[in-house]
Amino acid sequence: MFQKLFGFGQRSRRVVIDALYERIVAASRQPVFYADWQVPDTPLGRFEMIAVHMILFLRRLREEPGTARDVAQEVTDVFFRDVEHAIRELGIGDLGVPKRIKKLARMFYGRAATYSEAIDAGDADALAQALARNVKPDLADWDGAAPIAAYALKAADALASQPLERLLAADISFPTANAED
């Protein structure tokens with residue numbers, strides 16, 4: 001009763017949501033993605049890598065009931081608030097922000113469907129092709145797609161083995177991306 005009355009429960013939940021999102025972003029900022037696998041270190045390139053990790057996280061929670069669904073939605077909300085903040089920092093005016101958010105949301109959910117389908121099938125080639133279309137659409141043959149696809153499959157397995165209780169306590173860990181893999 002005191003938790004609800006004074007908001008303690010909500011505050012601790014906010015801490016968990018923020019910590020989960022911070023870990024997702026930290027995993028997406030591993031230098032190997034940008035230095036070795038040539039993901040552009042640009043706002044759009046960073047969006048792509050955060051999207052991959054968000055999709056992996058959401059995919060892990062998609063079959064879980066109750067609180068897990070709420071947490072997934074709240075982390076998604078934080079992600080899109082972060083995207084909106086980044087758009088504003090790029091100098092997009094108030095009138096252009098909603099249009100850009102809608103476009104990026106369509107991009108994200110399209111990627112979520114495509115990447116999840118490939119991951120569910122264990123199809124590294126299909127995942128690599130989708131990554132290449134989205135991350136480096138101007139290159140016919142991008143060497144970074146295959147290792148990122150392999151990493152994503154490894155990350156999906158790692159997340160699947162992490163107990164839900166740990167994830168809901170923000171104790172989430174993504175594997176280290178390694179150029180030698």
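Helix α4 is mostly covered, with 16 of its 19 residues buried, where buried means under 20% relative accessible area, exposed means over 50% and partly exposed lies in between, for a 1.4 Å probe and protein chains only. The structure is a predicted model, in which local features need pLDDT of at least 70 and side-chain atom pairs count only at pLDDT 80 or more, while totals for chains, interfaces and linings use all residues. Residues are numbered from 1 along each chain as its sequence is written, and side-chain values use heavy atoms, with hydrogens and water left out. Helices are DSSP runs (H or I, at least four residues) numbered from the N terminus.

**Helices α4 and α8**

- Helix α4 (residues 43–61) packs with helix α8 (residues 145–160) at an angle of about 30°, and their axes are 9 Å apart; the axes are lines fitted to C-alpha atoms over the stretch in contact, and angles run from 0 to 180 degrees between N-to-C directions.
- The two helices α4 and α8 are therefore roughly parallel to each other, given that angles under 35 degrees count as roughly parallel, over 145 as roughly antiparallel, 65 to 115 as roughly perpendicular and the rest as oblique.
- α4 passes α8 in a right-handed crossing, that is, with the near helix turned clockwise from the far one by less than a right angle.
- On the α4 side the contact (heavy atoms within 4.5 Å) is made by Met49, His53, Leu56, Phe57, Arg59 and Arg60, and on the α8 side by Ile148, Tyr151, Ala152, Ala155, Ala156, Leu159 and Ala160.
- The residues of this contact of α4 with α8 comprise 10 nonpolar, one polar and two charged, where Ala, Val, Leu, Ile, Met, Phe, Trp, Tyr, Cys and Pro count as nonpolar, Asp, Glu, Lys and Arg as charged, and the others, Gly among them, as polar.

**Helices α7 and α8**

- Helix α7 (residues 124–135) packs with α8 at an angle of about 120°, with the axes 8 Å apart, and this makes α7 oblique to α8.
- The crossing of α7 and α8 is right-handed.
- From α7, Ala124, Leu127, Ala128, Leu131 and Ala132 meet Ala145, Ala146, Ile148, Ala149, Ala152 and Leu153 of α8, a contact that has 11 nonpolar, no polar and no charged residues.

**Length and burial**

- The 19 residues of α4 should span 27 Å at 1.5 Å a residue, which agrees with the 27 Å between its end C-alpha atoms; the expected span is 1.5 Å times one less than the number of residues.
- For α8, the 16 residues should span 22 Å at 1.5 Å a residue, and its end C-alpha atoms are 22 Å apart, which agrees.
- The buried residues of α8 include Pro147, Ile148, Tyr151, Leu153 and Leu159.

**Individual residues**

- Arginine 59, found in helix α4, is buried with a relative accessible area of 19%, and, leaving aside neighbours within four places in sequence, arginine 59 is in contact with Ser116, Ile119, Asp120 and Ala156.
- Arginine 14 lies in helix α2 (residues 8–28) and is partly exposed, with a relative accessible area of 32%.
- Not counting residues up to four places away in sequence, arginine 14 touches Glu74, Val78 and Arg81, and its C-alpha atom is separated by 9.7 Å from that of valine 75, 61 residues apart along the chain.
- Proline 98 is placed in helix α6 (residues 97–121) and counts as partly exposed at 44% relative accessibility.
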